[in-house]
Amino acid sequence: MNVYDGWRIAAMLDAHGMTKTDDAADADIIILNTCAVRAKATDKVYSALGRIRLGKKPDAIMGIVGCVARESGADAFKRVPDLNFVLGPQSYHKLPEILENPDMRLFNIELSGLEKFDEMPKLEKSPLVTYIPIQEGCNHCCTYCIVPYTRGREISRNFIDCVRDVELAAKTGAVEICFLGQNVNGYKYIDENGHTYRLSDLIKSAAKFDAIKRIRFTSSYPTEMTNDLIDMFATEEKLLPFLNMPIQSGSPDVLKRMNRPYDLNQYMDIVHKLKLARPDIQISSDFIVGFPGETDDDFDQTLQIARTVKYINSYSFKYSPRPHTAAAIMPNQIPENIKSKRLTTLDAELNEIQRAFNESCVGKTLQCLCEGPDKTGRHLVYRTPYMQQCIVAKPDGDPKQICNIEITAANKASLRGKIID
Ligand code: 5AD
Ligand code: SF4
């Protein structure tokens, strides 16, 4: 979501006559788009600001946007006195207005709704993979997570606006659509006639556009994988057989303290239903290790569930206490050295599962999407339906955007293949 927000902000400033520079020392306006999900991300923002302010032009405008802006509020001005503005994640569309204000030391961190997505200028040419934000915020209130505070309660965009965004993307070059939201499968829009639209309705509408060949969505909350959505994996061929559905921990006790009120049977039930709908589906997860009170036994259960589900493309993090969250003041916080040890163990397990999955792809033919040349310029990088990188020799002529590739070799990080058609 943050990467997407960054693109939209850049496009908006471009539409206001500004040009991008890669050198902060050369910039007239410097904006840091920030993440507050773990303390390390927040700390990096302040150390980057400290570095940038020393090298910037004396009259360059400097501001922060995003979740750290929302979390720090006016305190950000105390920490970095020459900061010009602080703007929360739902107010990006106000940037041009703020940049024109001579007294810029104002900030807007209210959670005001999703007008930003419709008020910011649309891209004239869509990238091959186009992200369509459909909801923002989260109602789940996991006890470790700052997102409900920084992005607010869930709001879903108007169904018609989302479909219009897909149509525009299809007309301007997109072949893959990724629906985006912190709790994307919680998407729920009720129109003026009382009709409810869900993510499954958006997938069906997107699949009708001929230009759109691949559809995916991220990130999903397990118990909101309703049957209508699971059925999409059986009926909509364009929906990729890959789903990010974080479990966070394999221990029922830890899940309870995380306020993720599902049990492992329920989770595995959803996994089985998904596999029935689409036997070749693969699932990815996020994991948190070292949550307060996590025992060796709890951690073993996380390793166990990782092996059982055989998660691919997963992310694991050390628990990081965050302001405004219940877990930050829970007893039995886990020492840093134990968190690090568990993270190393889990990462090794996840890497091994990924390597085995990549190797199992050898000999198969996968439909892949072109991302462009690699660093050497001699190969093309394609993306498989499972988001693996696949390297092929560069053919003569223009590369096909989507093609079938036979996988010929694999390692932990990527695949190699040859274009079939
Ligand atoms: N500490 C560590 N990881 C966290 N995440 C969210 N909050 C925290 C935290 N306080 C992770 C979760 C989530 C991902 C985006 O970030 O795994 O799925
Ligand atoms: Fe945070 Fe995701 Fe939990 Fe929502 S569901 S509170 S975004 S971890």
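Contact here means heavy atoms within 4.5 Å. This is a predicted model, in which local features need pLDDT of at least 70 and side-chain atom pairs count only at pLDDT 80 or more, while totals for chains, interfaces and linings use all residues. Residues are numbered from 1 along each chain as its sequence is written.

View 1. Domain 2 spans 122-240 and domain 4 spans 365-419, with bounds from an automatic or database domain assignment. Their C-alpha centres lie 27 Å apart. Here 8 residues of domain 2 are in contact with 10 residues of domain 4.

**View 2. What the domain 2 and domain 4 interface is made of.** About 710 Å² is buried between the two domains, 67% of it from carbon and sulfur atoms; this is accessible area (1.4 Å probe) lost on putting the two parts together, summed over both. On the side of domain 2 that touches domain 4, you will find 4 nonpolar residues, no polar ones and 4 charged ones.

View 3. The largest cavity has a volume of about 210 Å³; a cavity is a set of points on a 1 Å grid over the protein atoms alone where a 1.4 Å probe fits but cannot get out. Its lining counts 14 residues (an atom within 4 Å of a point), and closest to its centre are Tyr4, Arg8, Leu123, Thr130 and Tyr131.

Terms used
Chains lettered and ligands numbered in written order. Heavy atoms only, no water. Nonpolar A, V, L, I, M, F, W, Y, C, P; charged D, E, K, R; others polar. 1 Å grid on protein atoms, 1.4 Å probe; cavity = no way out; pocket = protein on both sides within 12 Å on 5 of 7 lines; lining within 4 Å. Points joined across faces, edges and corners; volume = space filled by probe spheres on them.
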